[in-house]
Amino acid sequence: HQPTHQYYQANAAELASKYSQARPGYLDQIISLLRPIDKVISPDSPSLLDVGCGSGRDVVVPRAAGIQASGIDPSAELIKAGANQHQLPADCLQCGSLPELADTKQQYQAVLCAAVLQHIPDPQLLDSLYQLHQRVAPGGFLLISVPKRYPVDPNGCDQHGRLFMLRPPEQYSFFVE
């Protein structure tokens, strides 16, 4: 959705600063779930992929805990702002978007997709969920976070023109199953 992409590109520095001030509770859950897996997989094996990583906040926290993490986001400006802010390695954050992902077919112990799927139009939702599922290694997990409500106009857009497709959680579960 072009207006959504333009919003994140144009506001990258401000959003990167705002995002770095929050620490969602799911990060601690991911870290605790990956700890037992970390002990049985090779240290070179990828642990976490954050799809829609924005400025990389949800990549930085697991990396600080010793978990190999990387991210993909469609906004080159947001990735650049985050990489500079968090001093991440150049290859840690990459450009890519759903339903296609830039990282070929690599699998991860955990795939995170937080506050992203609401920006995906209905015709691309099933393909997007399929791509997320394909990135999860056997025995791994997928964590999806979506808003339950958001102020939108009749076209499903917020005051900035970003697409917000509010769907019941059961719809995501049905497609993933």
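Some ground rules. The model is predicted, so local features need pLDDT of at least 70 and side-chain atom pairs count only at pLDDT 80 or more, while totals for chains, interfaces and linings use all residues. Residues are numbered from 1 along each chain as its sequence is written, and side-chain values use heavy atoms, with hydrogens and water left out.

Let me start with the strands. Helices (H or I, at least four residues) and strands (E, at least two) are DSSP runs, numbered from the N terminus. Two strands count as paired if DSSP finds at least two bridges between them.

Look at strand 2, residues 69-73. Is it buried or exposed? Five of its five residues are buried, so strand 2 is largely enclosed by the rest of the structure. Buried here means under 20% relative accessible area, exposed means over 50%, and partly exposed lies in between (1.4 Å probe, protein chains only). Now the side chains. Ala69, Gly71 and Asp73 point one way from strand 2. Ser70 and Ile72 point the other way. All are buried.

Strand 2 has partners. Strand 1, residues 48-51, pairs with strand 2 in the parallel sense, over four bridges. Leucine 49 has serine 70 as its bridge partner in strand 2. How does the chain get from strand 1 to strand 2? It crosses through helix 4, and this β-α-β crossover is right-handed.

Isoleucine 72 has its bridge partner in strand 3, glutamine 94. Strand 2, helix 5 (residues 76-86) and strand 3 make a right-handed β-α-β unit.

On to strands 4 and 5. Strand 4 covers residues 108-114 and strand 5 covers 136-145. They run parallel, joined by six bridges. Tyrosine 108 stands opposite valine 136 in strand 5.

Just after helix 4, glycine 66 takes a positive phi of about 90°.

In soluble globular proteins, nonpolar side chains tend to be buried together.

Salt bridges now. The rule is a side-chain nitrogen of Lys or Arg within 4 Å of a carboxyl oxygen of Asp or Glu. By this rule the count is four.

Arginine 23 pairs with aspartate 28, with the closest N and O atoms 2.4 Å apart. Aspartate 28 counts as partly exposed because its relative accessibility is 44%.

Arginine 167 bridges to aspartate 122, closest N to O 2.9 Å. This pair links distant parts of the chain, 45 residues apart. Arginine 167 sits in the loop between strand 5 and helix 7, and aspartate 122 sits in helix 6. Which partner is buried? Arginine 167, at 8% relative accessibility. Aspartate 122, at 44%, is partly exposed.

The side chains of arginine 162 and aspartate 158 also meet in a salt bridge, at 2.6 Å, N to O. Arginine 162 is buried at 8% relative accessible area, and aspartate 158 is buried at 5%.

Last, the surface. Leu126, Phe174 and Phe175 form a nonpolar patch there, with about 310 Å² of accessible area together. Areas come from the Shrake-Rupley method with a 1.4 Å probe, and for residues only the protein chains shown count as cover. Patch residues have over 30% relative accessible area and no salt bridge; like charges are joined within 9 Å, nonpolar side chains (Val, Leu, Ile, Met, Phe, Trp, Tyr) within 5 Å. Phenylalanine 175 lies in helix 7, residues 169-176. At 31% relative accessible area, phenylalanine 175 is partly exposed.

Note on methods:
Right-handed = clockwise from strand over helix to strand, strands pointing away.
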